[in-house]
Amino acid sequence: MPILPYGTWPSPIDARTVAACDGRPDDVGFVGDDVWWTEPRPKEDGRRTLMRRRSDGAVEQMLPAPWDARSRVIEYGGRPWTGRAGTDGFLVVFAHRADQRLYALRPGGEPRPLTPVSAVGGGLRWAEPSLPDGRAEVWCVMEEFTGDGPGDVRRVLAAVPLDGSAAEDRDAVRELVPERHRFLSGPRLSLDGRRAAWLAWDHPRMPWDETELLVAEVDPSGVLGEPERVAGGRSESVAQVEWAADGALLYTSDRTGWWNIHRDGAPVCPREEEFAGPLWRLGLRWSAPLDNGLAAVLHGRGALRLGILDVESGEVVDAAGPWTEFAPTLAVLGDRVAAVGASPHSGYEVVELDARTGHTRVVGHPHHDVVDPAYYPRPRVRTFVGAEGREVHATVYPPRHPDCVAPETECPPYVVRAHGGPTGRSTLALDLAIAALTSRGIGVVEVDYGGSSGYGREYRDRLRGEWGVVDVADCAAVALALAAEGSADRDRIAVSGGSAGGWTAAASLVGTDVYACGTIVYPVLDLVDWAAGGTHDFESHYLETLVGPHARVPERYAERSPAAHADRITAPFLLLQGLDDVICPPAQAERLLARATERGVPHTYLAFPGEGHGFRRAETIARAWEAELRLYEEVFGISALIRPHPGPVG
């Protein structure tokens with residue numbers, strides 16, 4: 001077997017392969033007996049299409065280009081479609097990304113608009129549509145901009161007529177509730193149609209901090225009565241609400257310290273594990289009640305497994321299969337459960353579980369090995385010791401190659417990856433961007449630093465007031481621990497992250513000397529600007545929790561902002577930015593770059609027109625990954641061993 005230095009191993013996973021496999025299916029649902037879902041198209045400007053698996057097993061695309069089923073409500077979006085079957089075939093309603101109008105799709109026809117276009121600010125947007133039985137309306141969350149500023153917006157529950165009368169007439173949209181809360185989830189109707197339940201919250205709280213569960217009576221004309229708060233508030237986060245077949249109210253609350261399922265106020269499975277996660281998009285679904293009184297659930301610490309919960313006994317039986325991670329999108333029909341699952345050896349697939357027999361099968365977007373699986377890494381889920389003895393969860397991906405080994409005296413370089421959010425976590429699923437590094441001999445470790453979801457409320461709350469401190473310290477602790485045990489080369493460790501992970505990467509380069517270089521992707525960089533309205537409405541008050549009220553601790557905002565302290569950066573870095581990003585605008589990146597240039601810090605800046613917060617186009621993803629690999633090869637001294645590059649970083 002060849003003995004080659006780490007980082008020089010030949011790999012079949014290139015940038016185009018990484019880009020072609022980016023994204024996952026999502027938003028599964030049943031329309032009649034058929035399973036539908038959204039699916040990414042990186043090579044088609046990153047749009048999302050609607051897919052359908054017929055009852056006979058045939059799979060077809062239902063939305064040709066340029067249709068793009070994606071909502072922009074709260075910028076992160078929400079479930080963009082719904083559907084039902086009837087004697088005349090299916091009816092599907094979806095939000096189209098380009099104009100954010102709702103469209104109706106019927107067999108053999110072209111999508112027909114149901115809502116108008118608004119020229120005010122960000123316009124009219126819709127999320128979490130549903131089709132109540134017996135009503136010629138689609139109910140959903142309406143986001144309406146009232147001015148040009150990111151905070152000039154209102155959100156209410158609304159009913160849109162299916163006859164198209166609102167396509168040019170905003171007044172034809174019926175508002176179901178007065179404007180009382182800044183944010184809402186879509187309404188869930190009881191099976192008899194007499195009650196509606198939804199979640200609501202207000203600034204400065206985020207939905208994983210505090211939400212209210214509201215229930216209202218629905219009269220025969222479809223008018224909602226005065227809502228009653230039945231759960232939530234007082235530092236309690238309710239992440240999801242559903243109605244059981246017998247009329248009981250099922251909701252997932254963290255009042256126990258973990259997101260556990262409750263039935264009419266009582267916990268039914270009080271475990272120290274999560275049955276939900278942070279509500280970054282409207283319409284996420286971690287549980288779904290079955291007609292027989294059981295419920296399909298996602299649960300676990302860190303990675304989420306699919307199981308069937310007996311609501312009476314609290315017993316959970318996990319589904320058989322290779323999947324170690326499931327996305328929060330469940331749908332049920334009778335005994336059938338549709339889900340989206342992945343494993344360290346396979347990408348996300350649409351799977352179906354027969355809750356009666358326990359049989360699980362792939363029904364859509366099946367994983368295909370584009371390279372030999374021998375090049376995939378084998379992750380190790382570990383817990384490290386951080387500052388003050390606190391636990392830090394992480395997933396380690398050591399270098400792996402079927403035909404190469406490194407010299408026994410050499411330790412591998414490593415990339416420390418910080419996830420976004422920061423109230424998020426890493427997933428236990430195949431990621432070809434990671435495999436492309438590990439198969440070359442560069443290790444990767446994904447750190448679920450304090451503040452991450454998946455480990456209970458106490459772990460999640462560690463970041464309160466400590467963003468830029470705890471996350472930075474936890475990532476550094478993991479990096480140094482790997483070096484101390486001989487798993488990583490202390491002099492060849494990089495830090496990388498996007499969005500809030502980009503903040504952690506930048507703050508790590510400013511505040512520590514642990515890393516030889518860093519990759520910063522569409523990052524938060526300037527807290528002062530963010531607090532002054534330099535971001536979108538959803539997260540505009542998030543810093544009050546993460547950092548503290550600006551009026552009380554203004555010095556903290558200035559001191560922690562990487563953009564204000566670029567002169568402290570001494571390591572080379574790569575900065576990647578979408579020019580259409582309204583969440584982390586390019587202006588913040590430009591301020592950091594100006595100061596880094598004055599300082600003479602080696603860096604590369606790539607800005608991508610047409611890209612927002614999260615790259616979706618195949619050419620962007622490929623170019624970004626190539627630039628990241630080039631940075632590591634040059635800084636770690638690998639490029640001199642394998643091939644010359646046309647020029648230095650920066």
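User: Which strands form the open sheet of eight, and in what order?
Analyst: The order is E31-E32-E34-E33-E35-E36-E37-E38, with mixed pairing. Strands are DSSP runs of E, at least two residues long, and helices are runs of H or I, at least four, numbered from the N terminus. This is a predicted model, where local features need pLDDT of at least 70, side-chain atom pairs count only at pLDDT 80 or more, and totals for chains, interfaces and linings use all residues. Residues are numbered from 1 along each chain as its sequence is written, and side-chain values use heavy atoms, without hydrogens and water.

User: Why do strands E31 and E38 stand at the edges?
Analyst: E31 (380-385) and E38 (603-608) each have a single partner strand, so one side of each has no neighbour in the sheet. From one strand to the next, the twist averages 20°.

User: What makes E35 and E36 a pair, and in which sense do they run?
Analyst: Two strands pair if DSSP finds at least two bridges between them. E35 (residues 493-498) and E36 (residues 517-521) have five, so they meet that definition. The sense is parallel. Gly498 stands opposite Val521 in E36.

User: Which strands does helix H5 lie across, and how is the angle to E35 defined?
Analyst: H5 (residues 500-511) lies across E33 (414-418), E35, E36 and E37 (573-578). It runs at about 145° to E35. Axes are lines fitted to C-alpha atoms, for helices over the stretch in contact (heavy atoms within 4.5 Å). Angles run from 0 to 180 degrees between N-to-C directions.

User: How do you know that E1 and E2 pair?
Analyst: Four bridges join E1 to E2 (residues 34-41), and the two run antiparallel. Val31 stands opposite Asp34 in E2. Two residues lie between the strands of this hairpin, where Gly32 takes a positive phi near 65°.

User: Why is E1 called mostly covered?
Analyst: Six of the six residues in E1 (residues 26-31) are buried. Buried means under 20% relative accessible area, exposed over 50%, partly exposed in between (1.4 Å probe, protein chains only).

User: What makes Asp45 and Glu388 exposed?
Analyst: Asp45 has a relative accessible area of 53%, so it passes the exposed cut-off. Glu388 has 80%, so it passes too. Asp45 is in the loop between E2 and E3 (47-53). Glu388 is in the loop between E31 and E32 (391-397). Phi is near 60° in Asp45 and near 60° in Glu388. Most residues other than glycine have a negative phi.

User: Which element gives the most to the lining of the second largest pocket?
Analyst: E1 does, with six residues. The lining has 50 residues, and Ser130, Leu131, Leu189, Leu191 and Arg285 lie nearest the centre of the pocket. Other elements giving two or more include E5, E9 (124-130) and E18 (238-243).

User: How far does the predictor trust the chain?
Analyst: pLDDT is the predictor's confidence in each residue, from 0 to 100. The chain averages 95, and 99% of the residues score at least 70. Over residues 644-650, pLDDT stays under 50. For that stretch the model has 17 contacts beyond four places in sequence.

Conventions: On a 1 Å grid over the protein atoms alone, a cavity is a set of points where a 1.4 Å probe fits but cannot get out, and a pocket is an open set with protein on both sides within 12 Å along at least five of seven lines; lining residues have an atom within 4 Å of a point.
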